[in-house]
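Let's take a friendly walk through this model together. Have the coordinates open in your viewer as you read.

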Amino acid sequence: MMQLIKYPERKDWKKILQRPQADNALLMDTVKSILNDVKENADAAIQKYTKQFDGILISEPIVSKEEFAAGDEIPDSLKSAIRQAATNIKLFHQKQLKPAEIIETMPGVECYRKSVAIEKVGLYIPGGTAPLFSTLPMLGIPAKLAGCKEIIVCTPADKNGNVHPAVLFTASLIGIDKIYKIGGVQAIAAMAYGTATVPKVFKIFGPGNRYVTAAKQLIQLEGVAIDMPAGPSEVCVLADETANAAFIAADLLSQAEHGKDSQVLLVTTDEILARKVTEEINEQVLVLSRKEIAIAALQNSKIILVNRIEEGINIVNEYAPEHLIICCIDDVAAANKIINAGSVFIGSYSPESAGDYASGTNHVLPTNGFAKAYSGVSVESFVKKISFQKISYEGLNSISDTIIAMAEAEGLDAHANAVKIRLKK
């Protein structure tokens, strides 16, 4: 099912590493139309699109206190798993909080940079073909740690108009009480523009399909911040002859089952391993509940044979995967050479699903090659950095000649005078 490409020349890498393409012009037109409708008609438009796309009529989108009680119905084993995952995620992200440090750049000139929480944030939790409740602690916990005052969640309801109980339990666990039964483009529009029901937020977080990603990119042009472009999921495995074919096949399928537009990649120095992985995929996919989705995704996917692991590292950095798993002899040394990836999993016992759920790192990551410039979500994603300076008379006097000389050289006399007038007084 996966295409095998043997020892490609560097000039061919770009073509080989292309993601699945869609008709973006048609997609953007559709998304713009929905955004504009919600901007103009607010809750009525949201209700219309929820009926059109999800097949349900929801007159009251906010989850009530009584509905939140459904979160207690999930099995105790799942509750324990969510609590453990939340503990690990909180521990990892808590270490990202650092106090401001005052730097005296010259005597009497003190500068510092302070983290200030974004007041209002919106979290999108995908429903689609699978309710991804695991995304909620990945977004909600760092938002809480950052100190965001208002945190709202939008997520699609099921065919009975209910939010998945695991989402409700997780929200209660981390202290979020505003959940709206809205999915897709209309959810992004609701949070971006605000309605009588849904508050407007300053920044929107969360992964989604191509439509959700396009909506986030478009509302960013209108001044609403987003976390990153996060579209269809993807994984790349870098392996040599020491790797376990069954493990690799399982990792590739774990991402292929996300959606038909997902992509998985194996870069390896060993042709025998490539053959074994293909055999394992053909066997393992048969027992998956989402095998049709996985099989479709595998049509977009590739196995690339390379001569040396160093060449494989270069291909990986060119591809810039959302997730990268490294299974080779010198895995740590290889990991240290990775410069473009959302999240890296080192060694045969570090499956990508550990990061998806419970190791503690964040699973909201840049896809589609955006890992060349974007980072995954962190506590810093939920704050603004404001710089401060406090300058005494002596400090201004010591730096005045520098400021005046540079201001006058740029022809900005008022800038220079703002210093001169203070020294005269």
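Predicted model: local features only at pLDDT ≥ 70, side-chain atom pairs only at ≥ 80, totals over all residues.

Ser343 lies in strand β13. Leaving aside residues up to four places away in sequence, Ser343 touches Glu322, His323, Leu324, Thr361 and Leu365.

## The chain as a whole

The protein chain has 425 residues, and 49% of them count as buried. It holds 16 helices and 14 strands. Along the principal axes, the C-alpha atoms fill a box of roughly 85 × 60 × 45 Å.

The accessible surface of the chain is about 20800 Å², with 52% of it belonging to carbon and sulfur atoms. Among contacts between residues at least 6 apart in sequence, 75% join residues at least 24 apart.

## The six-strand sheet

Strand β13 belongs to an open sheet of six strands, paired in parallel and ordered β1-β11-β10-β9-β12-β13. The edges are β1 (3-6) and β13; each has a single partner strand, so one side of each is left without a neighbour in the sheet. On average, neighbouring strands here are turned by 15° against each other, direction ignored.

Lys6 stands opposite Leu305 in β11. Helix α10 (residues 271-284) lies across β1, β9, β10 and β11, at about 165° to β11. Helix α12 (residues 309-319) lies across β9, β10, β11 and β12, at about 170° to β9.

Ile346 is partly exposed, with a relative accessible area of 35%. Together with Val332 and Val344, Ile346 makes a nonpolar surface patch of about 210 Å².

## The five-strand sheet

Another open sheet has five strands in the order β6-β5-β4-β7-β8, again with parallel pairing. Here β6 (179-180) and β8 (225-226) stand at the edges with a single partner strand each, so one side of each is left without a neighbour in the sheet.

Two bridges link β6 with β5 (residues 150-154) in the parallel sense. Cys154 has Tyr180 in β6 as its bridge partner. Helix α7 (residues 184-193) packs on this sheet, touching β4, β5 and β7, and its direction makes about 175° with that of β4.

## Charged pairs

Side chains of opposite charge can pair when their charged atoms come close. How many salt bridges are there? The count comes to 13.

One of them joins Glu150 and Lys178, whose closest N and O atoms are 3.1 Å apart. This pair links distant parts of the chain, with Glu150 in strand β5 and Lys178 in the loop between α6 and β6, 28 residues apart. Glu150 is buried at 18% relative accessibility, whereas Lys178 is partly exposed at 30%.

A salt bridge also forms between the side chains of Asp76 and Lys79, at 3.9 Å from N to O. These two are three residues apart in helix α4 (residues 76-94), so about one helical turn separates them. Asp76 is exposed at 58% relative accessibility, while Lys79 is buried at 11%. In the salt bridge of Glu380 with Lys385, the N to O distance is 3.5 Å. Glu380 is partly exposed at 48%, and Lys385 is partly exposed at 35%.

Technical notes. Residues numbered from 1 in each chain as written. Heavy atoms only, no water. Patch = residues over 30% accessible without salt bridge, like charges linked within 9 Å, V, L, I, M, F, W, Y side chains within 5 Å. Areas by Shrake-Rupley, 256 points an atom, 1.4 Å probe, with all protein chains shown as cover. Salt bridge = Lys/Arg side-chain N within 4 Å of Asp/Glu carboxyl O. Buried < 20%, exposed > 50% of the residue type's maximum accessible area, 1.4 Å probe, protein only. Pairing = 2+ DSSP bridges. Helix = DSSP H or I, 4+ residues; strand = E, 2+ residues; numbered from the N terminus. Axes fitted to C-alpha atoms, helices over the stretch in contact; angles between N-to-C directions. Contact = heavy atoms within 4.5 Å.
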